[in-house]
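Colleague: I am new to this structure. Please take me through the terms used for it.

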Amino acid sequence: MTHYWNPRIETMEISELEDLQFRLLKTLVYRLYSFSRFYHDRMDENGVHPDDIGSLEDIRKLPFMLKKDLRDNYPDGLFIAPQDEIVRYHVSSGTTGKPTVVGYTEQDLNRWTESLARALSSCGMGRGDVMQVSYGYGLFTGGLGLHYGAERIGATVLPASVGNTERQVEMMIDLKVTAIACTPSYLLHIGEVAEKMGISIKNDTRLRIGVLGAEPWTEQMRERIESWLGIRAYDIFGTSELSGPLFTECKEQKGIHIWGDLAYAEVLDESGNEVPPGKEGELVVTMLQKEALPIIRYRTGDITKVERSKCSCGRSHARIHRITGRVDDMLIIRGINVFPSQVEYALMEIPEVGEHFQIVVDRKGALDEMLVRVEVKKDSFSDKITDLMKIRSSVEHRLKNSLNVSCSVELVEPGSLPRFEGKSKKVIDARKI
Ligand code: ADP
Ligand code: ZN
């Protein structure tokens, strides 16, 4: 039976939800026009007034907000709550540039926690579960976000944070951990460290759920993680600007539910128009109820598609497909667009290949060269050159077919590529160095 955290909201009719979204949007726009110098000026510059918002679709009249806007107004120029109402700051790691600061009122924290309470319940978690939170605690939003979300639903939280991986494995066993939240790459690392300790996560622990995100991963990687570790792995998405990690897949694993009373998601093409249903584009999010740092039409830079029909879990809230890449992650190799996720997808289809890989791009003369370094699985790693050559040529073949650009492949020993505790870095673009 499906368990809803907030049944009234989660299962409301789509039309009723859209009506609520419209009312929240209208209130938000009036509030910002009155209280935010930034939004007031932006709206004036774009010739739009709050009175122009007569329907939910009119959201398209509103100007976009970019990460650059937060940077330009560093640290708190876009906050509209006074400092004495801000109860928390987080600072983004600056993976894509200079760090940005986000702030929360008490209500903001409450809604963030509510969002995760619904999300974790939708993955089948609840009272009795023990969740190991192995996202970084501190300035990064992951650790504290999941921490409060899991506590809200009555689960027991083990605030493990990142690092000291052997200890993480011991605690997982000793405290009968049933769920873990971390990046998919850190879970791979934990699984390997466990094996080195002679422990199988699948057979020797009670772990049954992984809530994995903060970086892109593919469906193929999910299948590998699920069968190797004996768990159900759910995708979780968010960015610090939106509050932090907020939304997950439900047990159906057919997309990430974006709680419509909290956020409105659009997926747009390069010119800013809505893409046709089923097509990919850039995810643009409006947070409908955020107080300290309002976010309207924030261009996340993440590429996905949106599904607005009701989910088979009974929830009416729109779903986004897993993120397949970032607008700014796209590699252009000899004029062909390549996303790291395509490389992962192709590699994970080859059984002899392990989960760790690295893409190195360089320029020889005028030509771009792409090298994919990938680990071979322990059981497939052989001393026989001919065996390795066979694997290598099948990897090259597969990559060439799915990327439409040729690249060289280097097979490396299991365990030889770097492991990551937080977000992984899979691309080295030497053209930019
Ligand atoms: P920073 O990395 O600068 O600290 P954030 O933690 O806010 O900033 O990172 C948010 C970004 O992380 C998203 O815009 C997206 O690119 C990536 N991300 C988060 N969750 C996922 C996910 N489930 N799948 C793919 N990418 C994700
Ligand atoms: Zn669902």
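Modeller: What follows is a set of questions on terms, each set against its definition.

Modeller: This is a predicted model, in which local features need pLDDT of at least 70 and side-chain atom pairs count only at pLDDT 80 or more, while totals for chains, interfaces and linings use all residues. Residues are numbered from 1 along each chain as its sequence is written, chains are lettered from A and ligands numbered from 1 in the order in which they are written, and side-chain values use heavy atoms, leaving out hydrogens and water.

Colleague: How do you know that domain 1 and domain 2 are in contact?

Modeller: Contact means heavy atoms within 4.5 Å. By that rule, 23 residues of domain 1 are in contact with 21 residues of domain 2. The bounds, 7-327 for domain 1 and 333-429 for domain 2, come from an automatic or database domain assignment. Taken over C-alpha atoms, the domain centres are 30 Å apart.

Colleague: What makes up the area buried between domain 1 and domain 2?

Modeller: Buried area is the accessible area (1.4 Å probe) that two parts lose on being put together, summed over both. Here the two domains bury about 1,800 Å², with 52% of it on carbon and sulfur atoms. In domain 1, the residues that lose the most area to domain 2 are T218, Q220 and R224, together 33% of what that side buries.

Colleague: Why is the pair E192 and R419 called a salt bridge?

Modeller: The term asks for a side-chain nitrogen of Lys or Arg within 4 Å of a carboxyl oxygen of Asp or Glu. The closest N and O atoms of E192 and R419 are 2.7 Å apart, so the pair qualifies. The rule finds 2 salt bridges across the interface of domain 1 and domain 2.

Colleague: Which elements give two or more residues to the side of domain 1 that touches domain 2?

Modeller: They are α8 (184-196), α10 (219-229) and β15. Helices (H or I, at least four residues) and strands (E, at least two) are DSSP runs, numbered from the N terminus. The largest share, 5 residues, comes from α8.

Colleague: Why are β11 and β12 called paired?

Modeller: Two strands pair if DSSP finds at least two bridges between them. Strands β11 (residues 281-287) and β12 (residues 298-304) are joined by 4 bridges and run antiparallel, so they count as paired. In β12, I303 is the bridge partner of E282. The open sheet of 4 strands has the order β10-β11-β12-β15.

Colleague: What makes β10 and β15 edge strands?

Modeller: Strands β10 (263-268) and β15 (325-326) each pair on one side only.

Colleague: Where is P75, and what is its peptide bond from Y74?

Modeller: P75 is in the loop between α4 (67-72) and β1 (88-91). The bond from Y74 to P75 is cis, with omega near -5°.
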